[in-house]
Every structure is written in C-alpha cells, then in structure tokens.
Amino acid sequence: MDYSIFIDILNYDSTSSKERALAEHLAKALATPHCSVETMEVGDGTLNLLFSWGTPQLVFCTHIDTVPPYIEPTFDGNTFRGRGTCDAKGQIWSLYQACLELERRGHTGFGLLLLAGEETGSFGAKHFAKTHAGAKYLLVGEPTDNCMVSAAKGTKSFQITIGGKSCHSGYPEMGISAVNLFVDFVNHLRSINFPVDPLQGETTWNIGKLASNNPQNILSNELSFRLYFRTTFSSDEFVVNTLSQIAQGNQPWQKHISIEALGGDTPTRFLTVDGIPTTTVAFGSDAPHLTCFEHKMLCGPGSILTAHTANECVTVDELATATRQYVAIFESLINNEIK
C-alpha cells in the first residue's frame with residue numbers, strides 16, 4: 001500500500017484555525033476524474049470540502065482540524081504516530097481509500113465530507129447543516145477501535161463565576177473567600193447522585209479554565225471556571241435542571257454564584273450494521289450538529305484513549321480494517337437502493 005498521501009496529510013500542521021492549508025491541499029490531492037469537488041467557506045477563514053460520486057445517499061465524513069500541539073509524524077512500517085494519526089487524519093485516509101474502492105467497483109451515490117473546526121465547536125458541521133441538503137445516511141469517522149457506536153454521551157457546558165470580598169489573608173473574617181465558596185460548590189456537586197443510564201452508564205464532569213487572580217496574601221474576590229458534563233439519556237435534562245436550581249438556591253455560597261449555560265450536545269443514538277462490533281462512547285463529534293442527515297453512524301480506526309495525547313497512533317491493520325468496513329457498510333445499506 002502506498003501511504004504517501006497519508007504521510008503528506010500528517011505533515012500538515014492543521015491544528016484548529018490552521019486547517020485551511022490542508023483543506024486546499026486535499027481539494028486537489030483527493031480529487032478523481034469520477035467525482036466532483038465542492039469547497040465551502042465556513043466564514044472564519046476555514047474550508048469545508050465535499051467530494052461527490054453522483055448524488056450521495058451515504059456521505060462519509062470526518063474533520064480536518066486537530067487539537068494542538070502539532071506533533072510531527074513517524075512511521076515504523078506498522079504504526080503511524082503523531083498528531084492526527086487517529087483523530088482524525090487516519091479517518092480521512094481510510095474513508096478516502098473506501099471511496100476509491102467503491103469507485104473501482106463501479107458504485108456511485110456516495111460522498112466524502114471533510115469539515116473544519118470540529119475540535120473547537122463543530123463550526124464546519126454547523127455551517128454545512130445550514131447550507132446543504134445532506135443525504136439519507138451519514139457515517140462519521142472517529143477513533144472507535146473500528147466498532148460501530150450504538151450511542152454517544154452528550155455534553156453540557158457552563159460558565160461559572162463566584163464572587164467574594166477581598167481582605168488581608170491574616171484577617172479572613174473581614175472578607176469572603178471566593179476560593180472557599182468554590183470548594184463549597186464542588187463539594188455540593190460531588191454529593192449529587194446523577195442518574196445512571198442502563199446503556200451509557202454514569203454521568204461525569206470536569207472543571208477547566210479555573211482562574212482566580214488574587215495574590216496569595218489576599219482573599220479572592222472572584223473565581224471563574226468552566227464546568228463540562230458528559231451526559232446520558234437519563235441525565236441530560238437532570239443536569240440542566242440541577243445547575244438551574246443551584247443558581248437559584250438559598251445557601252450562603254449559592255448567593256455568590258453566577259451560572260451561564262453555554263449549551264452542548266444531547267446524547268445520540270446511532271445506526272449500526274450487522275456483522276460489525278458495537279460499542280458506546282463518551283466523546284462528542286460533529287454528528288449531532290449535522291442535522292441535515294436522516295440516519296447517522298459513527299465508526300473508525302484508532303483508540304480514543306490515545307487521541308489528543310503525545311502517544312496518538314494508528315496501525316496499518318486498523319486503517320485497512322476501517323476501509324473494508326466502510327465499503328461493507330455502504331454496500332449493505334445503499335447498493336440495492338441505488339440500483
């Protein structure tokens with residue numbers, strides 16, 4: 001197998017906001033005499049690409065951008081390592097190889113959609129859904145160990161600010177520590193029994209962008225952070241209601257808290273195909289935002305456990321398996337309809 005195109009893709013630094021150069025390269029490098037190529041401005045300097053073989057009834061899809069930092073690729077003859085190898089440049093490669101195989105077999109009625117901005121808010125997907133009619137089937141490539149995903153958790157994000165009152169730290173009784181109020185909030189959150197979903201399991205949450213700029217000898221007068229949930233079918237609405245109740249509560253620490261709901265994705269069920277292993281996942285994707293498709297699937301090579309890490313990798317065998325499965329999925333769902 002000639003992996004020169006894949007290596008070229010990996011050599012581009014397409015970390016989020018820098019993916020345009022790779023998109024422009026792909027528009028030329030992946031074109032064949034039998035497909036049309038549409039480039040679409042997203043509006044933030046990035047591009048979406050759609051390669052179409054006839055009128056697509058099934059669209060293969062993944063994203064062009066990767067999380068920073070850029071890590072240069074290496075290849076030992078069996079394993080590709082570096083940024084994007086499995087999230088999601090390995091998906092681009094496997095999906096494209098599937099398209100070439102379908103083309104070789106004389107099929108039409110499929111497409112390859114490559115989107116910008118997935119890692120920073122699915123901006124490419126949101127733009128595409130607003131401007132394109134979509135198709136009956138969508139297959140999104142993400143690192144799922146080549147299992148078809150039956151369900152994915154949702155997300156809910158909140159911007160939270162806690163106010164305090166500054167004073168000399170030697171006399172804390174003269175002020176109100178926003179840090180102490182933050183601890184009260186976290187302890188309260190940890191005491192909540194979020195519903196456990198029979199399919200997706202537990203709800204999890206994480207705190208990021210935590211900031212308080214007070215000197216070490218002055219009580220914090222303000223602390224801010226992002227609270228990010230991975231929600232299930234059982235807990236998605238419960239999470240939203242719980243944060244609303246916290247914001248309106250009467251406990252002393254609740255009177256100093258401001259909560260802004262930033263939205264997110266709802267948990268999603270996906271179509272699966274007989275004969276391919278299935279799993280559930282706790283990560284998000286462009287799929288929920290691509291509302292112009294009737295049926296959605298999620299499947300791809302590589303492991304989510306190495307994605308976004310310094311050890312990101314994908315093997316030759318994983319890429320080959322993914323390509324075979326993509327071809328099989330198309331032929332299973334679409335072939336009879338097109339003929």
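Residues are numbered from 1 along each chain as its sequence is written, and side-chain values use heavy atoms, without hydrogens or water. In this predicted model, local features need pLDDT of at least 70 and side-chain atom pairs count only at pLDDT 80 or more, while totals for chains, interfaces and linings use all residues.

**View 1. Helix α6 and its buried face.** Helices (H or I, at least four residues) and strands (E, at least two) are DSSP runs numbered from the N terminus. Asp-236, Val-239, Thr-242, Leu-243 and Ile-246 are the buried residues of α6, where buried means under 20% relative accessible area and exposed over 50%, with a 1.4 Å probe and protein chains only. Down the helix axis they fall within an arc of 125° (taken from the directions from the axis to the C-beta atoms), so they line one face. The face turned away carries exposed Glu-237 and Gln-245.

**View 2. The largest pocket.** A pocket is an open set of points on a 1 Å grid over the protein atoms alone, where a 1.4 Å probe fits, with protein on both sides within 12 Å along at least five of seven lines; lining residues have an atom within 4 Å of a point. Of its 24 lining residues, Glu-118, Glu-119, Thr-120, Gly-121 and Tyr-228 lie nearest the centre. Strand β11 gives the largest share of the lining, three residues.

**View 3. The second largest pocket.** Among its 13 lining residues, Met-1, Gln-97, Ala-320, Thr-323 and Arg-324 are closest to the centre. Helix α7 gives the most to this lining, with six residues.

Methods
Points joined across faces, edges and corners; volume = space filled by probe spheres on them.
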